[in-house]
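Me: I would like to go through this model with you. Could you take my questions one at a time?
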Amino acid sequence: MPKRRFEYVDDRSCKFWEISSADQQVTVTFGRIGTQGQTQTKTFDDAKAAKKHVAKLIKAKTKKGYAEVIGA
């Protein structure tokens, strides 16, 4: 899965959140826009479980107001 980037900007916040997966690994990078941020990687039992986790995280972020940045 190619990397997908989401951003949240309001009066007090200017944050990004990126997610990508390869086989059984899901990598998330997050932080303030303009910084490298922090990276976390999780390994799952199989690719199906990793894909399900990605969908769950994306749903949670968009519910919080993050918007996907196309072409990032």
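Me: How many bridges join strand β1 to strand β2?
Reply: Six bridges join β1 (residues 4–9) to β2 (residues 14–22), and the two run antiparallel. Strands here are DSSP runs of E with at least two residues, helices are runs of H or I with at least four, and both are numbered from the N terminus. Two strands pair if DSSP finds at least two bridges between them.

Me: What is the bridge partner of valine 9 in β2?
Reply: Valine 9 has cysteine 14 as its bridge partner there.

Me: On what basis are such features reported?
Reply: The model is predicted, so local features need pLDDT of at least 70 and side-chain atom pairs count only at pLDDT 80 or more, while totals for chains, interfaces and linings use all residues. Residues are numbered from 1 along each chain as its sequence is written, and side-chain values use heavy atoms, with hydrogens and water left out.

Me: In which order do the five strands form the open sheet?
Reply: The order is β4-β3-β2-β1-β5, with antiparallel pairing.

Me: Why is one side of β4 and of β5 left without a neighbour in the sheet?
Reply: β4 (38–43) and β5 (67–69) stand at the edges, each with a single partner strand.

Me: Changing topic, where is threonine 62 found?
Reply: Threonine 62 lies in helix α1.

Me: Is threonine 62 buried, exposed or partly exposed?
Reply: Threonine 62 is partly exposed, at 38% relative accessible area; buried means under 20%, exposed over 50%, and partly exposed in between, with a 1.4 Å probe and protein chains only.

Me: What separates the C-alpha atoms of threonine 62 and phenylalanine 6?
Reply: They are 8.2 Å apart, although the two residues are 56 residues apart along the chain.
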